[in-house]
Amino acid sequence: MASMNVQMVDVVGQYRNIKQEVDAAIHAVLDSGQYINGKEVAEFEKEVANYLGVKSAVACASGTDALQIAMMALGIAPGDEVITTPFTFVATAETMALLGAKPVYVDIDPHTFNIDPSKIESKITQKTKAIVPVHLYGQAADMDSIMAISRKHGIPVIEDHCQSMGGDYKGTKLGGIGHIAAISFFPSKNLGAFGDGGMMTTNDTALAEKVRVIANHGSRVRYKHVMLGVNSRLDAIQAAILRVKLRHLDGWIAARRRAASTYNRLFAGSTVRVPFEAAYGQHVFHQYTLRLPKRDAVAHALAEKHIPHAIYYPIPLHLQEAYASADQPEGSMPEAELATKEVLSLPMHTELDDKQQQYIAQAVLESVRQ
Ligand SMILES: *Cc1c(COP(=O)(O)O)cnc(C)c1O
């Protein structure tokens, strides 16, 4: 087959399909003179809270900030320990370390790639102050098991909801099952802005108020600072764009799920291991990630054909130079370590068509047969 132009994430293609709505929303903000916070941000917060079925949503500047501010609000301090997965984007653990806390890793379930709840309790100590599950690739972590541990030990749960906007667990939208959740609106995420953006969602109104104060320099009333805070705001332009995009999110999730089933069908009957979908929730396919024993050879073959692909993530966090600690050495997280060697994410976005997917799948199938 002749070569084909395929993108990993087609943010421009998606924009073109909603250009009129987005352009009108941007121009309304330009004419309003209110460029930070204001009406667009307040309305967007309400719409996200409504969409997720949570009491409160508080906007901030990024998913990373959302994680950090949530941890600050829960009082995470130097010497504390926070339990999480080593198989995630660095921000999950980076924010813990910035607050002086130690990321304590728990190995993953090899099917869902998410934290394995059966291994959490043995890592809990007097110092454990939070558990941070990540709904990796758009699939929920096993929240019932995690929340049962949380209740038993009185440890709050922060959902890293940066890849899973719109996903659910047993019919409940993610973002309101833990005590608080962190959402990212980075452009390539399922609900992406045209720049950075983030949000914290919670059913705890006191906690919502606290994160709002922290995100605003620790201030409720201008020039009175009642707690240590940061400057983390969402631009009105981004909020206006995101309000338009939120109206399309369910349709886009359906498109992602359709693309995932097309890939599944194309790989059916081959040795290629397609993504596992847990029965407990709807996977929203932020990524469509294969497991391939000869991953590097397949990646090489795809690169030769200029087919985009990605490895999320090539190094588990416990083996990153900046986060390595003697008590979490190589070999201590076997499932996560194996996953870093076998995962390969294929192009996944809302504008993929069947021809592109056939071309991609054929290239993968040819390379695994070699
Ligand atoms: C994207 C992402 C973040 C960080 O979000 P930003 O908006 O880029 O700061 C955190 N955790 C995970 C799992 C992510 O995928």
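This is a predicted model: local features need pLDDT of at least 70, side-chain atom pairs count only at pLDDT 80 or more; totals for chains, interfaces and linings use all residues.
Local features are taken at pLDDT of at least 70 and side-chain atom pairs at pLDDT 80 or more, while totals for chains, interfaces and linings use all residues. Residues are numbered from 1 along each chain as its sequence is written, and side-chain values use heavy atoms, with hydrogens and water left out.

**Stop 1: the two domains**

Colour residues 12-246 as domain 1 and residues 248-369 as domain 2; these bounds come from an automatic or database domain assignment. The centres of the two, taken over C-alpha atoms, are 24 Å apart. Now select the contact between them (heavy atoms within 4.5 Å): domain 1 contributes 49 residues and domain 2 contributes 38 residues.

Together the domains bury about 3700 Å², with 58% of it on carbon and sulfur atoms. Buried area here is the accessible area (1.4 Å probe) that two parts lose on being put together, summed over both.

**Stop 2: across the interface**

Next, look for polar contacts. The rule asks for a pair of N or O atoms within 3.5 Å; within protein, one must be able to donate a hydrogen and the other to accept it, and residues adjacent in sequence count only if both atoms are side-chain atoms. It finds 27 residue pairs in polar contact across the interface of domain 1 and domain 2, both residues at pLDDT 80 or more.

To see which elements of domain 1 touch domain 2, select helix 1 (11-17), helix 5 (91-98), strand 3 (102-105), strand 6 and helix 8 (236-246), the elements that give two or more residues to that side. Strand 3 provides the largest share, four residues. Helices (H or I, at least four residues) and strands (E, at least two) are DSSP runs, numbered from the N terminus.

One salt bridge is counted between the domains. A salt bridge means a side-chain nitrogen of Lys or Arg within 4 Å of a carboxyl oxygen of Asp or Glu. Zoom in on Asp327 and Lys102, whose side chains meet in a salt bridge at 2.5 Å, N to O.

**Stop 3: helix 4**

Select residues 63-73. Is helix 4 largely enclosed or open? Nine of its eleven residues are buried, so the rest of the structure largely encloses this helix. Buried means under 20% relative accessible area, exposed over 50%, and partly exposed in between (1.4 Å probe, protein chains only). Among the buried residues are Leu67, Gln68, Ile69, Met71 and Met72.

At the start of helix 4, a side-chain oxygen of Ser62 comes to within 3.4 Å of the backbone nitrogen of Thr64. After the helix comes Gly75, with a positive phi near 80°.

**Stop 4: helix 6**

Move to residues 143-153 and look down the helix axis. The buried residues of helix 6 are Met143, Ile146, Met147, Ile149 and Ser150. They fall within an arc of 155°, so they line one face of the helix; the arc is that of the directions from the helix axis to the C-beta atoms. An α-helix has 3.6 residues a turn, so residues three or four places apart point the same way.

Gly154 follows the helix, and its phi is positive, near 65°.

**Stop 5: salt bridges elsewhere**

By the salt-bridge rule, the count comes to 17. Start with Asp23 and Lys19, whose closest N and O atoms are 2.8 Å apart. The two are four residues apart in helix 2 (residues 19-32), separated by about one helical turn. Lys19 is partly exposed, at 39% relative accessibility.

Then select Glu47 and Arg243, a salt bridge with its closest N and O atoms 2.8 Å apart. Glu47 is in helix 3 (residues 38-52) and Arg243 in helix 8, so the pair ties together parts that are 196 residues apart in sequence. Glu47 is partly exposed at 24% relative accessible area, whereas Arg243 is buried at 17%.

Finish with Glu277 and Arg257, whose side chains meet in a salt bridge at 3.3 Å, N to O. Glu277 lies in the loop between helix 9 (249-267) and strand 12 (288-291), and Arg257 lies in helix 9, so their pairing links parts 20 residues apart in sequence. Glu277 is partly exposed, with a relative accessible area of 34%.
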